[in-house]
Amino acid sequence: QNARIGLVGRNGSGKSTLLKIIAKQQAVDGGSISVLPGKRIAYMPHEVVLQSNKTILQEAMHAVADITALQEKLAEFE
């Protein structure tokens, strides 16, 4: 079964630390982490590396440009 799990908690509660430990990006103080064979764990850090000179609004508009164009075409057909 392919499950996707989200980890939610207050700021500073250790969510990122736990994920870094599971992803083997940070050493554990004690205990161990076990992953079932054939299972994959993905971790996307929330540190953002900016590679654009666009504003946040421009980036958001660019991300939905295809949807906006399709909505405009749909409006023409209606």
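Entry 1. I began with Val64, which is partly exposed at a relative accessible area of 33%; buried means under 20%, exposed over 50%, and partly exposed in between, with a 1.4 Å probe and protein chains only. I found Val64 in the loop between helix H2 (56-63) and helix H3 (65-77). Helices are DSSP runs of H or I with at least four residues, numbered from the N terminus.

Before going on, I noted that this is a predicted model, where local features need pLDDT of at least 70, side-chain atom pairs count only at pLDDT 80 or more, and totals for chains, interfaces and linings use all residues. Residues are numbered from 1 along each chain as its sequence is written, and side-chain values use heavy atoms, with hydrogens and water left out.

Entry 2. Which residues form a nonpolar patch on the surface with Val64? I got Leu57, Met61 and Ile67, and the four together have about 380 Å² of accessible area. Patch members have over 30% relative accessible area and no salt bridge, and nonpolar side chains (Val, Leu, Ile, Met, Phe, Trp, Tyr) are joined within 5 Å, like charges within 9 Å. A salt bridge is a side-chain nitrogen of Lys or Arg within 4 Å of a carboxyl oxygen of Asp or Glu.

Entry 3. From Ile67 I went to Ser16, 51 residues away along the chain, and their C-alpha atoms are separated by 33 Å. Ser16 sits in helix H1 and is partly exposed, at 25% relative accessible area.

Entry 4. I then checked the loop between H1 and H2, where I found Lys24 and Ser32. Lys24 is not a glycine, yet it has a positive phi of about 60°. Lys24 counts as exposed at 77% relative accessibility, and Ser32 is exposed at 65%.

Entry 5. Asn11 is in the segment before helix H1 (15-22) and counts as exposed, at 77% relative accessibility. Asn11 and Lys39 are 28 residues apart in sequence and 28 Å apart in space, C-alpha to C-alpha.

Entry 6. How many residues line the largest pocket? I counted 20, and Ala3, Arg4, Ile5, Arg40 and Ile41 lie nearest its centre. A pocket is an open set of points on a 1 Å grid where a 1.4 Å probe fits, with protein on both sides within 12 Å along at least five of seven lines; lining residues have an atom within 4 Å of a point. The lining divides into 13 nonpolar, 4 polar and 3 charged residues.

How values were computed. Accessible areas come from the Shrake-Rupley method with a 1.4 Å probe; for residues, only the protein chains shown count as cover. Helices (H or I, at least four residues) and strands (E, at least two) are DSSP runs, numbered from the N terminus. Ala, Val, Leu, Ile, Met, Phe, Trp, Tyr, Cys and Pro count as nonpolar, Asp, Glu, Lys and Arg as charged, and the others, Gly among them, as polar.
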